[in-house]
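User: I'm new to reading protein models. Can you walk me through one, feature by feature?

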Amino acid sequence: MEINETMIKGLEATWSNLCDEIKRKQKFKFDIFEAAFSQTFSLLKSSLAEQVLDKRYVRLIATAYLFANINDESFENTCLAAAVLTERMLDNFAFHTSNVEDTTAVYIIESRKEVLLDFNDVNESISKLVKIYEDAFWRKHTN
């Protein structure tokens, strides 16, 4: 697969901007995240055929990883769910590239539930995580 460096640089900037918006303004732009996630997933998935990850992906992975490590309970659940989904995608397709699938199971400690996330269906995966986070929040505050 030919690597489109302009696309990679654009995705790097998008991930960086998402992080900045969240940290500075506490605003999460889901539509921008969804596009960045899908494009990054597609690039990383298609690179698996190459056997070796091209070094031009390193900065992209690093900026997406910074987003994935956002972990502040003051942020909205959608943002936290997006960070978890991004981390799992990077773990499967950038860090551990053996036996990769388009789905991953995540165990959510707060709710003691495991959920299956599909990287091809960002909306559904985020919705599942948000519901679990919301349920855990209400349980925590009503007990």
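Analyst: We start with a pair of helices. The axes of α1 (residues 5-25) and helix α3 (residues 58-68) come within 9 Å and cross at roughly 20°. Axes here are lines fitted to C-alpha atoms, for helices over the stretch in contact, and angles run from 0 to 180 degrees between N-to-C directions. Helices (H or I, at least four residues) and strands (E, at least two) are DSSP runs, numbered from the N terminus.

User: What should I know about the model itself?

Analyst: This is a predicted model: local features need pLDDT of at least 70, side-chain atom pairs count only at pLDDT 80 or more, and totals for chains, interfaces and linings use all residues. Residues are numbered from 1 along each chain as its sequence is written, and side-chain values use heavy atoms, with hydrogens and water left out.

User: Which residues of α1 and α3 meet?

Analyst: An α-helix has 3.6 residues a turn, so residues three or four places apart point the same way. In α1, I8, L11, E12, W15, L18, C19 and I22 meet residues of α3, including L60 and F67. Contact means heavy atoms within 4.5 Å.

User: Is I132 buried or exposed?

Analyst: Buried means under 20% relative accessible area, exposed over 50%, partly exposed in between (1.4 Å probe, protein chains only). I132 has 9%, so I132 is buried. I132 lies in helix α5 (residues 122-142). Not counting residues up to four places away in sequence, I132 touches I108, S111, K113 and V115.

User: How many bridges join β1 to β2?

Analyst: Two strands pair if DSSP finds at least two bridges between them. Six bridges join strand β1 (residues 103-108) to strand β2 (residues 113-118), and the strands run antiparallel. Y107 has E114 in β2 as its bridge partner. Four residues lie between the strands of this hairpin, where R112 takes a positive phi near 55°.
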